[in-house]
Structure formats: C-alpha cells, structure tokens
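Student: I am new to this structure. Please show me how to read it, one feature at a time.

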Amino acid sequence: MTNVIAIGDECPGDRGGTALPGASGTGDSGVMEANTLHSTTTAPDPAALPPAFSARGLTVRYGSFTAVDTVDFSVRPGQIFALLGTNGAGKTTTVETLLGLHRPHGGQVRVLGVDPAADRRRLSREAAVIGQETGFAEDLTVAETVRLWCGLHRLRPPSGLLEKVGLDHRSGIRVGALSGGEKRRLDLALALVNRPKVLFADEPTTGLDPASRKQTWKILRGLADGGTAVLLTTHYLEEAERLADRIAIMNAGRLVASGTLAEITAGLQATVSGAVSPRPDWRPLQGELSGSLSLEGKEFRITTGALQDDLHRLLQWAARSGVELEGLEARQGSLDDLFTTIGTHAG
Ligand SMILES: Nc1ncnc2c1ncn2[C@@H]1O[C@H](COP(=O)(O)OP(=O)(O)OP(=O)(O)O)[C@@H](O)[C@H]1O
C-alpha cells in the first residue's frame, strides 16, 4: 500500500514534524506541503545523476533453483524502466530484492545508494510501491484512508489529488466497496502524495479500463518528469513501448535484451503485408526486393531489413502492373516481434 488524500481536507496530523523527502515546504502549521501534481521543474540530465536503483550481477536462488541469474541494470532519477518477461522469468524476485525482501546470493542491488535489505527504514520514506495487492483497511472510506495516510506522514494533500486519479466522486465510499481498478487508482493517488524518489509499479494498469490506463500513464510520466525513478513491470507491451525510457526483458532468470525501445528492436526485421486480387505476376518484384516475399492465397508478406526501399519497390511495381494493394500495412520490428524472436510469450 502507498497513500491517499481528500481534496481540501485538513490532515489530522497537522502538528508539524519530520521533513519528508519530496515535500516542497512547510505550511503555517508546520505541516509539509505535498508536491503539486503538475511539476514544472525541468529535470536535470539523467546521465549526470547517480543511479536511483541498480543491480550488479544479481543472482537469487530458491534452494538450488536459480530464479535470477547475474542480472545487471542501472536506472537514474527521472527514468521509467520497464521490466518485462514471461511468467516465472524472475521479475517479481528481482523487484522483491530491490525492496529488501531477499538478500542476493550473488552480486548486489542498491536503491538510492543503500542496500535495501539493510536500510529498509530509509527506503520506506523515499520509495513507494504500488502493487497487485493493496493493503487498505476495507472499512475506511476513501477520504478516511486519505486522512489516515496524511496523518501518518504529516503531509498536506496536493490539491486535486482524487480528481487526478478519477476518484473524487468516490471519496465517501468504503474502500471495500471499490472496484479492483478503483483500488489501484487509490494506491496510485497515495503514491503521489509525497512524491517518492523511487516508485516500484507492479502491473499498475492491470484491470483498468482504457481511459484509466491512459490516465495512469500520464501520472507515471509526470512523476518521472519530476525526477522519480520508476520501475514498471507489465505484461502490456504497448504500455512499455509508450511509457518506458528503457526496457529490459527477462527470460528464465536472465536479461535477454536491455536498452531503449529503438536499441532493442534495431536488429529486427520490418514487415510489409497486405492482399491483392486477382493473383498478379510477382516475379519482377521478387527480383528487386532486398527482403523476402511470402505468399498465402491472396495475402502477401515482405520481411525486410530495408523497409523504406522495399516499400517503395512494392508501390512502384503495383503502379506499373496495375495491381491494387488491399489492407497495406508496413511496420518496423516491435517488442512483440522481439518476444517471438527470443522464444518468450508476453502473457
Ligand atoms: N518462494 C519460492 N520458492 C521457490 N521457487 C520460487 C519462489 N518464488 C518464486 N519461485 C520461482 O522462481 C521463478 C521466478 O519467479 P518470479 O515470481 O520472480 O517470476 P515472475 O517473472 O515475476 O513471474 P510472473 O510474471 O508469473 O509474476 C519461478 O520459476 C518461480 O516458480
């Protein structure tokens, strides 16, 4: 569980107190003003900053079974890092190790410069988790949950918090009566209150409708733009493609691809596909293409490392031959193709 707030509510804990990382200042009562939801701060160049979290040669075993095998990554403030893979690939074990729940059997992890297994107290203030399981008390209302969190952390709510996650109309509803998607949004709202330096987002959009999913993407992007380093696990490849600054794919405990979307898909073949009728003479085109042409009934597919050139040749051949191309689609290699290539399935 992370946190929440009711807009305009006074915090029961308005007694002043410990300055929390991420808070922007103190009000008259000494209560920390939580960050505004829309940061206008220009993030510094991430390359110049020390990693927010990292793994070096990380190896974790359950008995004799190696679940995570010499995994390396390093993520800087302001970056969204998507960790993808098949069921059982080792993602959860990796995240749990970053949370300090496992001690590595080999290598090390660091979160904000510390060993999370040794310094969980510091991380509990500076890192937040939004997960598949929420820890909310079912009998409290959304507003009460917000006030409880606010009191615990002596923070004033950012204005518009519940509107931001689309829960303003549910503030008087018991948490136990919220839908699964609404609980996820409450979880996300709480994570916004003290703007963590690191956010571990474990499948944050599973079960959300398309509009809520996009809203969550916007919020995660906003957090990252304000300097939060985000670890995102997801089975939605489109989510990783749209959101992540860097992507890593795990398979059977190992990282099999890592980099920006462009880097990890750079070596993949592009495809051009469509249909034609009646069946034309393909031979002149086949002689010109740098890629390969496959035919099935009236459908064709060109697989190529030279998309632009081969698309041009296809269109010229069609114009010369009087062939009408139906449902023409041209696309670069995608994450989906990469999963297929490495023999994994995104689930
Ligand atoms: N407590 C445990 N004891 C023994 N084996 C475990 C334990 N927890 C996980 N494993 C095994 O470790 C491997 C990695 O599991 P993990 O949960 O990290 O994978 P994952 O990538 O998160 O999968 P999913 O997408 O299904 O959540 C799996 O083969 C799993 O069965």
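Tutor: Begin with helix α5, residues 180-193. Helices (H or I, at least four residues) and strands (E, at least two) are DSSP runs, numbered from the N terminus. α5 has 14 residues and spans 21 Å from first C-alpha to last, close to the expected 20 Å; the expected span is 1.5 Å times one less than the number of residues. This is a predicted model, in which local features need pLDDT of at least 70, side-chain atom pairs count only at pLDDT 80 or more, and totals for chains, interfaces and linings use all residues. Residues are numbered from 1 along each chain as its sequence is written.

Student: Is α5 buried or exposed?

Tutor: A residue is buried if 20 or more other C-beta atoms lie within 10 Å of its own, exposed if 12 or fewer, and partly exposed in between, with C-beta atoms placed from the backbone. In α5, 12 of the 14 residues are buried, so the helix is largely enclosed by the rest of the structure. Among them are Glu182, Arg185 and Leu188.

Student: What do the buried residues of α5 pack against?

Tutor: Contact means that two C-beta atoms, placed from the backbone, lie within 7 Å. The partners of α5 include α3 (142-153), β9 (198-202) and α6 (210-225). After α5 comes Arg195, with a positive phi near 40°.

Student: Which residues touch the most other members of the largest nonpolar core?

Tutor: In soluble globular proteins, nonpolar side chains tend to be buried together. A nonpolar core is a set of buried Ala, Val, Leu, Ile, Met, Phe, Trp, Tyr and Cys residues joined through C-beta atoms within 7 Å. The largest here has 67 residues, and Ala82, Val230 and Leu231 touch the most other members. α5 gives the most to this core, seven residues.

Student: Which residues surround the ligand?

Tutor: A residue counts as near a molecule if its C-beta atom, placed from the backbone, lies within 6 Å of it. Around the ligand are residues including Tyr62, Phe65, Asn87, Lys91 and Thr92. Helix α1 provides the largest share of this shell, three residues.

Student: How should I read the confidence?

Tutor: pLDDT is the predictor's confidence in each residue, from 0 to 100. The protein chain has a mean of 83, and 84% of its residues reach 70 or more. Over residues 1-40, however, the pLDDT is below 50. The model scores ipTM 0.98 and pTM 0.77.
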